[in-house]
Amino acid sequence: MTQSSRERMRAQESARAAQQRMRRIVGVGAAILAAVLVTVLVVVAVQASNSGGNSVTPPNATAGRNAIIVNPGVAKPGTVVVDLFFDYQCPICKQFESVFGSALDALASAGDIQLQYRAMTFMDNNLGNDSSMKTAIAASCADFEGKYSAYHNALFANQPTKEGEPYSTELVRNLLPQEVGITGAALTRFQTCFDQKATKGFVQGVDEQATKDGVTGTPTLHVNGRKIELDVLAKTNPADLGKLIDQYR
Amino acid sequence: MRGYNEGVSEPTPVPQRSSGWQRWLSLVARLILGVTLLVAGALKVGQLDASVRSVRLYQLLPWEATALVGTALPIIELALGLMLITGTFTRVSAILGSLLMVAFIIAIASVWARGISIDCGCFSPGGEVAADQTQYPQEIARDLGLLLAGAWVAWRPEAPFAVDSWLFGRETPIEPTDEESG
């Protein structure tokens, strides 16, 4: 074999080797990239289909599906809209409810305000359970039986004493509905709604809308979209709540 | 030797020779960044809804983008973590990991500057915290350290125990031997 043919063979050999190496690098790189891309796309698609695809909307939801109206058809025309943002797991929300709940209810039933409840679910993240979602779904299911406000109050009245302790399914599904007078066929309907998480999409939408509206903490009270700061509320006598709300008109 | 490779383009730059201690430092830096990313991704990937919400708490991205970012981030962290730990495309993954850290540092600095009180949501879905409970300096310091590790690996990717040494290894290099030439 001559020197030059040996060199030529070596050159071919090394070109082939370089080509193989190139193919390997591109192959592995493309495989990793494809795996990550496909995973992300599949997960995003699954997430999208999970959220509120076939969710039912409670009868007293607002047209924008961002709240449930506590006093439907009662508010005087042109009156203020009061939005209360809360999380059923939030201890300060329970406190707010016990101080201002009946005052709000009174204003609502008198028609002086249109009272809208907007349940948020972010405390599930903080506390690592699913009680915010669970209770919000249950409350919206109670709206189908005309017991939204009563059920809402019963939830806060029975909030677990220790923050982070979940609401028991027994309480939410069986005891509280009966306490507020959901019985018989209505109870079965309520429990079906709860078991199937029929309103989950609606509840997620309410929470998303609230976050979109800039609410990141609870309780938050909005009057026609304007926030009343908590420290202002803290200095307010519940009997004067109506006057305070008037100032935000 | 040079002559044999002529006309064969090198697809990837051969990393500059690292000295012994540099290789080991690279391994350590690779593992620090890799394990951190892996753990951060793994802790969030099971609760993607919460991860999306964490991203929203930063109030940085348009609403529509948060869903994609919140979902993709844990998956990308997992992938980059695995690549760094195994030393696969080390330089590329170190650069991407470092860019992630830069993004995190900007995001945390921005919520700090805007007076938003949140947990960074780095290793678990974050949430609002009381204003005196925020840990922005610590979180930024940690990410700076990780950025440093990433930058080092990007500069000196060569390290022991790397898939790269197989991936980028040359196929049966032909060395002219004395026998043949003699």
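This is a predicted model: local features need pLDDT of at least 70, side-chain atom pairs count only at pLDDT 80 or more; totals for chains, interfaces and linings use all residues.
Local features need pLDDT of at least 70 and side-chain atom pairs count only at pLDDT 80 or more, while totals for chains, interfaces and linings use all residues; side-chain values use heavy atoms, with hydrogens and water left out. Residues are numbered from 1 along each chain as its sequence is written, and chains are lettered from A and ligands numbered from 1 in the order in which they are written.

**Disulfides**

- A search of the whole structure finds three disulfides over all chains. A disulfide is a pair of cysteine sulfur atoms within 2.5 Å.
- In chain A, number the bonded cysteines in sequence order and the pairing reads 1-2, 3-4.
- A:Cys90 is joined to A:Cys93, S to S 2.4 Å. The torsion about this S-S bond is about 90 degrees, so the disulfide is right-handed.
- A:Cys90 counts as buried because its relative accessibility is 3%. A:Cys93 is buried too, at 1%. Buried means under 20% relative accessible area, exposed over 50%, and partly exposed in between (1.4 Å probe, protein chains only).
- A:Cys141 and A:Cys193 form a disulfide with sulfur atoms 2.0 Å apart. A:Cys141 lies in helix H4 (residues 131-143) of chain A and A:Cys193 in helix H7 (residues 184-195) of chain A, so the pair ties together parts 52 residues apart in sequence. Helices (H or I, at least four residues) and strands (E, at least two) are DSSP runs, numbered from the N terminus.
- The S-S torsion of A:Cys141 and A:Cys193 is about -80 degrees, so this disulfide is left-handed. A:Cys141 counts as buried at 1% relative accessibility, and A:Cys193 counts as buried at 10%.
- In chain B, a disulfide joins B:Cys120 to B:Cys122, S to S 2.0 Å. Both B:Cys120 and B:Cys122 are buried.

**A helix pair in chain B**

- Two packed helices are described by the angle between their axes and the distance between the axes.
- The axes of helix H1 (residues 20-45) of chain B and helix H5 (residues 136-155) of chain B come within 8 Å and cross at roughly 135 degrees. That makes H1(B) oblique to H5(B).
- Axes are lines fitted to C-alpha atoms, for helices over the stretch in contact, and angles run from 0 to 180 degrees between N-to-C directions. Angles under 35 degrees count as roughly parallel, over 145 as roughly antiparallel, 65 to 115 as roughly perpendicular and the rest as oblique.
- H1(B) contributes residues including B:Trp21, B:Leu25 and B:Ala29 to the contact. H5(B) meets them with residues including B:Leu146, B:Trp152 and B:Val153. Contact means heavy atoms within 4.5 Å.
- By class, the contact of H1(B) with H5(B) has nine nonpolar, four polar and one charged residues. Ala, Val, Leu, Ile, Met, Phe, Trp, Tyr, Cys and Pro count as nonpolar, Asp, Glu, Lys and Arg as charged, and the others, Gly among them, as polar.

**An enclosed helix in chain B**

- Nine of the ten residues of helix H2 (residues 48-57) of chain B are buried, so this helix is largely enclosed by the rest of the structure.
- The buried residues of H2(B) include B:Leu48, B:Arg53, B:Arg56 and B:Leu57.
- B:Gln59 follows H2(B), and its phi is positive, near 50 degrees.

**A buried loop residue**

- B:Thr88 lies in the loop between helix H3 (63-86) and helix H4 (90-114) of chain B.
- B:Thr88 counts as buried because its relative accessibility is 8%.
- Not counting residues up to four places away in sequence, B:Thr88 touches A:Ile32, B:Met83, B:Ser93, B:Val163, B:Asp164 and B:Leu167.
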